[in-house]
Amino acid sequence: MIFKVFHWSTICIFIDIVCAVELGNAENDKRFHTQSGHRAPVALTCQKVFINPQGNLSEIIAKVTIVNEDGVVIYNKFIKPLEPVIDYRTSLTSITPKDLDDGDHYFTVRRDLIDLLGWRIIVGHKIADCLKALKINIPLYLLRDTAYFKQFFKPGSYEHPKLKSLARQYLNTDIEVHFQNTTENAIVAMNLYKKFRVAWDKETVNQLHASRIAFAINCKIVEGIMPDKKKANMIARISIVDYYGFVVYDRLFKSIWPVIDYRSNYTGLYAGNFTKNAVTLCREKEKLELLLKGNVLVGYGLLHDLTVLGLKHQFSLCRDAATFTKFKRAIADKTTPTLNELASHFLNKTFDTNQHDSVQQAHIAMLLYINFKSEWDSEVKSTFHSYVQHRRRQVKMKKYAPVAIFYSRVLMNSQYGNVKALGRVTIVNEYHHCIYDKFIYQRNMNVVDCYTNMTGIRLADIQSGVSITELKKDLKHLLDEKLIIGYNLKHFFLPLRYKFNMSNIREISIYHKFRTPENTKLPINIIAEKFLNTSLIGFVHPVTKARLFMSLYFKYKNDWDAYAEQLYTEYKLNSLKVLTEQEISVESFEPISMQCSSVIPNPWDSFRDKALARIVFIDKEGQCVYDNYIKKYSDIIDLNKTSSSITPDRLFNGTDYFKSIFQIYKIIDKKIIIGEELYKCFRMIQLKIRWWLVRDVSFFSKFKIQYKRYLPLNEICKLYLGYGLNNPRDPIERAKALMRIYLKFKNEWEEEVKLRHEKMKKKVNSLQEKVKELKHDF
């Protein structure tokens, strides 16, 4: 988002850069800079006189005064008017015709101010009027107007405070009312800013910095020598500015190895810049990672800087000015223009090449990004999309290595009664080598029968086995990017809640050759005898059975793979048909927002990782129609206190789960459900709902940041509702905010759902054609 402060008159436009003042050559005078070398804040005041061009009475700037942070006047000039003056207001301003006749030309003063005010915080009283009259465009984040600082407003009053009353109340100083002294007014405004600097800057951040879109980084690198006498690049200074130009990080770092070259011609650093108290980069690395994570990162030579920093940043979020195609082709015979050349060419700006200010260079990089954001983002997105498509093609072309799984189950007693649970898991690779064979220990369950005659499992084996958690970790490593062959695999994957790609499963009980004429599945011993001439009588070692599975696959590999692809395509087609067979009609449906809170119970409380603890519903009038805690009958491992305010006593006195589910079904019947990450809620309450009745802020394109990343609810509220959540852990407040968001974007949201429905219909048609081709080929 680019902020514009004022609209320009067509009389004269010298600046084409939006949201920034032109950067002139930096002044050499020390009074223009702070001790750290950054340009200091200034206070600006103006005096006006009246003109009457073509019968329209209006004001023009007649005098400009600027004082620095110490109250020293650094600029004080009269401006020669472009139109005849009809009222000099001498009694108030002390301006005479001679003063203006001897003054500087309007355009000269304007040019001076543009050079002087570049990248400064500008303090003043109603300075917007002055800047508008001067045709100077200043970013909002650089303005500190005493007439608009909230702390200066009286409680319950919306009247802008006067500078005189502010001086008397906060500085114990009186200002002459009947006579305007620009120097005095500027000094008072500067002193007010210095007194409330922290709170004032913070308020500006809260107003303009609701969502951090991007950061620009600039690093200064020196050369050091390692203990093995090899040279190494080391970070000496890091400066980071945000999208609005705020310096969010600027620090010098002590090198861990001796420095042999400070590269002062490029870095502007010398040995004297570093104090004994300077920290090393390793102590700040974690802070930098947290600051930059998930944000667009802009820079020049960014990939090199990140390599030296030792930080990894998502490629789709990197904006390197040294590699952007538009910049590389901008200057003839220059493959990679310098940052100074890019600023001169695209921004019509120059900066002192001898200053080497990393903050200033980060500002330039951010300005380049702001001006070419759309084009730059599109190029990176296109490159990223091409990379993803290339990876997908590689995945399709890649031949997954097959593994065969055989599992044995034992009878155990749980709080829900007797259940069959995993007792042993065996995995064989394509070479018939056993790569995994372990017994499974089920926590909080007692063994009833091991079926030793059939499984070979004994009670002692179970007690010495691995836990379910360890098994899942092992399987994640062993089954990643593998073709999985097995018999009745649903009984294996379901208790483990293991996610898999259906196209990579070769289920023996489904393959058409291993089915009866009545299309029922054959027992594994009959399949082995019929197709492999192998007899399975009595106890057969699990490794032998897993090897039989692998032999079956290789015997019918080509036909089986083709059949699996056909089944998978038909499955996708049928799923989409179910979703699109009904026409969308939500006119008669009322919206209701939903918020769920969860806890983590004992692992064997249910087949879900999290259990429902509290559920809230808010209607479109903002009234809470349902708020209930769900009673727990087992131990709670984690109450999720960081994201909810649930306590054990509230759960103990809660409503029965099944009774609550019945009430929930009645509430959401024929309703449009609004929420965030609703799929988690539906999973906890075991509810299936028509997709076109779901309005999830986590998937609404309006709130998409970039490449499948979406804004959290609190950020959405700040950005689109104008306020943040007072208590982000309160589900009622969150549900009310969700309803307000839906009502604000209702038309746009409903249109997006309709477009998605049309897109799914087209997908159905294409899949139908594909199924016909596969059946014909098969």
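**Notes on the predicted model**

1. Ile741 is buried, its relative accessible area being 0%, and in this predicted model the residue belongs to helix H26, which covers residues 731-744. Setting aside residues up to four places away in sequence, Ile741 touches Val697, Phe703, Leu713, Ile716, Cys717, Leu721 and Trp749. One of these, Ile716, lies 25 residues from Ile741 along the chain, and the C-alpha atoms of the two are separated by 8.4 Å.

2. For the protein as a whole, the secondary structure amounts to 27 helices and 27 strands, and 46% of the 778 residues are buried. Of the contacts between residues at least 6 apart in sequence, 62% join residues at least 24 apart. The accessible surface is about 41500 Å², and carbon and sulfur atoms account for 51% of that area.

3. Val49, in strand E1 (residues 42-51), counts as buried because its relative accessibility is 0%, where the cut-off is under 20%. Apart from its neighbours within four places in sequence, Val49 is in contact with Ser58, Glu59, Ile60, Ala62, Val85, Asp87, Tyr88, Arg89, Ile95 and Leu100. Between Val49 and Tyr88, which stand 39 residues apart along the chain, the C-alpha separation is 5.1 Å.

4. Asn68 sits in the loop that runs between strand E2 (58-67) and strand E3 (73-80), and with a relative accessible area of 5% this loop residue is buried. The side chain of Asn68 reaches the backbone nitrogen of Asp70 at 3.0 Å.

5. Helix H5, spanning residues 163-170, has Leu163, Leu166, Ala167 and Tyr170 as its buried residues. Viewed down the axis of H5, these residues fall within an arc of 100°, and they therefore line one face of the helix. The partner against which the buried residues of H5 pack is helix H6 (182-195). After H5 comes Asn172, with a positive phi near 55°.

6. Helix H23 can be checked for its length: its twelve residues (657-668) should span 16 Å at 1.5 Å a residue, and the end C-alpha atoms are 16 Å apart, in agreement with that expectation. The buried residues in H23 are Tyr657, Ser660, Ile661, Ile664, Ile667 and Ile668. Because these buried residues fall within an arc of 120° when H23 is seen down its axis, they line one face of the helix. On the other side of H23, Phe658, Lys659, Phe662 and Lys666 are exposed.

7. What do the buried residues of H23 pack against? They pack against strands E20 (590-601), E21 (611-619), E22 (624-629) and E24 (671-675), together with helix H24 (678-685). At the start of H23, a side-chain oxygen of Asp656 comes to within 3.2 Å of the backbone nitrogen of Phe658. Just after H23, Lys670 adopts a positive phi of about 55°.

8. The structure holds 37 aromatic pairs. In one of them, Tyr511 and Trp560 are stacked, with 4.8 Å from centre to centre and 15° between the planes. This pair links distant parts of the chain, since Tyr511 lies in the loop between strand E19 (505-507) and helix H19 (524-532), whereas Trp560 lies in helix H21 (residues 557-580), 49 residues apart. With 0% relative accessibility, Tyr511 counts as buried, and Trp560 is buried too, at a relative accessible area of 2%.

9. Tyr511 also forms an edge-to-face aromatic pair with Tyr563, at 5.8 Å centre to centre and with 65° between the planes. Here again the pair links distant parts of the chain, with Tyr511 in the loop between E19 and H19 and Tyr563 in helix H21, 52 residues apart. Tyr511 and Tyr563 are both buried. Which residues do ring pairs link into a cluster with Tyr511? The cluster takes in Tyr511, Phe514, Phe531, Tyr553, Phe554, Tyr556, Trp560 and Tyr563.

Technical notes. Residues numbered from 1 in each chain as written. Predicted model: local features only at pLDDT ≥ 70, side-chain atom pairs only at ≥ 80, totals over all residues. Heavy atoms only, no water. Helix = DSSP H or I, 4+ residues; strand = E, 2+ residues; numbered from the N terminus. Expected span 1.5 Å × (residues − 1). Buried < 20%, exposed > 50% of the residue type's maximum accessible area, 1.4 Å probe, protein only. Arc of directions from axis to C-beta. Contact = heavy atoms within 4.5 Å. Polar contact = N/O pair within 3.5 Å; in protein donor to acceptor, adjacent residues only side chain to side chain. Areas by Shrake-Rupley, 256 points an atom, 1.4 Å probe, with all protein chains shown as cover. Phe/Tyr/Trp six-rings, centres within 6.5 Å; stacked < 30°, edge-to-face > 60°.
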